[in-house]
Amino acid sequence: MNALARSLVLAAALAANVAYADAPAPKPVKPSNRAEAVAIVAQARQIATPNGIDRSEKVRIGGIEQWISIRGNDRRNPVLLVVHGGPGYVSMPMSWWNGRGWEEYFTVVHWDQRASGKTHLLTPEDRIRPTLTAERMIDDVGEMVAWVRKDLGKDKIFLLGHSFGSYVGLETARRHPQWLHAYIGVGQATDSPESERRGWRFALDAAQRDGNAQAVRELQALAPYSAPGHPPTIEQIYAQRKWVAHYGGVMAYRRDNRSDSDLAKLSPDYSDEQLRALWQGNEFATPILLPPLLAHDIGANKTLDCPLILLLGRHDTNVSSEVAAEWFAQVRAPGKDLVWFEHSAHMPMTEEPGKFLLALVDKARPYAQKAGDAAP
């Protein structure tokens, strides 16, 4: 390249740099913060139908105020009350993603239970602590079902219990079957000591196959885990759950459940302040409520006087779906259905949301339609 050519190339490069430096900086792509993202979600899931319902309010249940949301495209549809798990693992803030389709076929009531989510922020912990008993939690469910039936003008509703919520939900269904079109169990608790033992064995076997010396050491240190007459402590439960989750027993093919819990960060149902405190109730209530539950076989009763629907993840070892299915096979009820989610563990509503919606529409809604409790 001669001197003239080199000069022309250099001049062109300098001109390009000057032009680039003078150009305005590109505008950031939105959403660039939580508020903008939440506004998009809120707009997308807006209930715009003429006969729809969209309410968020505090209801007095069990002597304290508790938060609920009520959403649906048509008030004539049957009501589905969701009793979340944990204790304290709320479902309301994930519902913008995994439950929007439900609202086309049901009026869906999500509820932050005592010591959970937004409800936890309403009452001081020192006042709530003495009330955190299984019996009080079951009574809360009964009161909430009664309130929902009266407020929404329904003789019967559907009650869906997930994980810990399946314990208090099933007990409510046993006590008040006349209030329900059907009881729907997800991650259904039954023989909890046996479920715990199978979860521990699953994690240990997986760790040994994986050559994970740390996991093997920590799990073997728990032995004999959940032995008859020796329920696990909260520290042992957390140690077992750590490796159950790591090997896909909470969300199939994943090492944790962040794909579910992170959905809460975009929830229009929670302010920034409420979101920052989202899991405080879970941390507070779990050590109090969970160990006593895991000491009991709540599946010993094999009779239910309302229809029973179980939605079980094939890979669920957090609350053993195998144990739940064995219980289901022995239960006598006016109607029974079990749907397996082959690519799910403990969170099928998030892991297979399309199939979950189909199961609700195909297995549950016909009970309401038969009773004349459904929009055309």
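**Ground rules**

I number residues from 1 along each chain as its sequence is written. Because the model is predicted, local features need pLDDT of at least 70 and side-chain atom pairs count only at pLDDT 80 or more, while totals for chains, interfaces and linings use all residues; side-chain values use heavy atoms, with hydrogens and water left out.

**Entry 1: the largest pocket**

I began with empty space. Rolling a probe the size of a water molecule over the atoms shows where such space is left. I worked on a 1 Å grid over the protein atoms alone. A pocket is an open set of points with protein on both sides within 12 Å along at least five of seven lines. A cavity is a set of points where a 1.4 Å probe fits but cannot get out. Lining residues have an atom within 4 Å of a point. Grid points are joined across faces, edges and corners, and a volume is the space filled by probe spheres set on the points.

The largest pocket holds about 730 Å³ of space. I found 31 residues lining the largest pocket, and Gly-86, Tyr-89, Arg-241, Asn-282 and Asn-318 are the closest to its centre.

Which helix gives the most to this lining? I take helices as DSSP runs (H or I, at least four residues), numbered from the N terminus. Helix H8 (192-210), helix H10 (234-246) and helix H13 (280-293) each supply at least two lining residues. H13 gives the most, with five residues.

I then sorted the lining by class. Ala, Val, Leu, Ile, Met, Phe, Trp, Tyr, Cys and Pro count as nonpolar; Asp, Glu, Lys and Arg count as charged; the others, Gly among them, count as polar. The largest pocket has 14 nonpolar, 13 polar and four charged lining residues.

**Entry 2: the second largest pocket**

I put the volume of the second largest pocket at about 170 Å³. Its lining includes Arg-198, Phe-202, Arg-314, Asp-316, Glu-322 and Trp-340. H8 and helix H14 (321-330) each supply at least two of the lining residues. By class I get two nonpolar, four polar and four charged residues.

**Entry 3: the cavity**

I count one cavity of 30 Å³ or more. The largest cavity has a volume of about 130 Å³. Of its 13 lining residues, Ser-91, Asn-98, His-162, Met-347 and Met-349 lie nearest the centre. Six lining residues are nonpolar, six are polar and one is charged.

**Entry 4: salt bridges**

Side chains of opposite charge can pair when their charged atoms come close. My rule for a salt bridge is a side-chain nitrogen of Lys or Arg within 4 Å of a carboxyl oxygen of Asp or Glu. How many salt bridges does this rule give? The count comes to 27.

- Asp-140 meets Arg-136 at 2.9 Å, N to O. Both lie in helix H6 (residues 134-151), four residues apart, about one turn of the helix. Asp-140 counts as buried because its relative accessible area is 1%.
- Asp-139 meets Arg-175 at 3.9 Å, N to O. This pair links distant parts of the chain, with Asp-139 in helix H6 and Arg-175 in helix H7 (residues 164-175), 36 residues apart. Asp-139 is partly exposed at 33%. Arg-175 is partly exposed at 37%.
- Glu-196 meets Arg-241 at 2.9 Å, N to O. The pair links H8 to H10 across 45 residues of chain. Glu-196 and Arg-241 are both buried. Elsewhere in my list, salt bridges that share partners join Glu-194, Arg-197, Arg-198, Glu-322 and Glu-326 into one network.

I note that Arg-241 is also among the residues closest to the centre of the largest pocket. Arg-198 and Glu-322 also line the second largest pocket.

**Entry 5: nonpolar cores**

I define a nonpolar core as a set of buried Ala, Val, Leu, Ile, Met, Phe, Trp, Tyr and Cys residues joined through side-chain atoms within 4.5 Å. The largest core has 93 residues, and Leu-80, Ile-184, Leu-311, Phe-356 and Leu-360 have the most contacts inside it. H6 gives the most to this core, with six residues.

What does Leu-80 touch, leaving aside neighbours within four places in sequence? Contact means heavy atoms within 4.5 Å. The partners of Leu-80 include Trp-102, Phe-106, Phe-158, Leu-160, Ile-184 and Leu-360. A second, separate core of six residues includes Ala-264, Tyr-270, Leu-275 and Leu-278.

Key: Buried means under 20% relative accessible area, exposed over 50%, partly exposed in between (1.4 Å probe, protein chains only).
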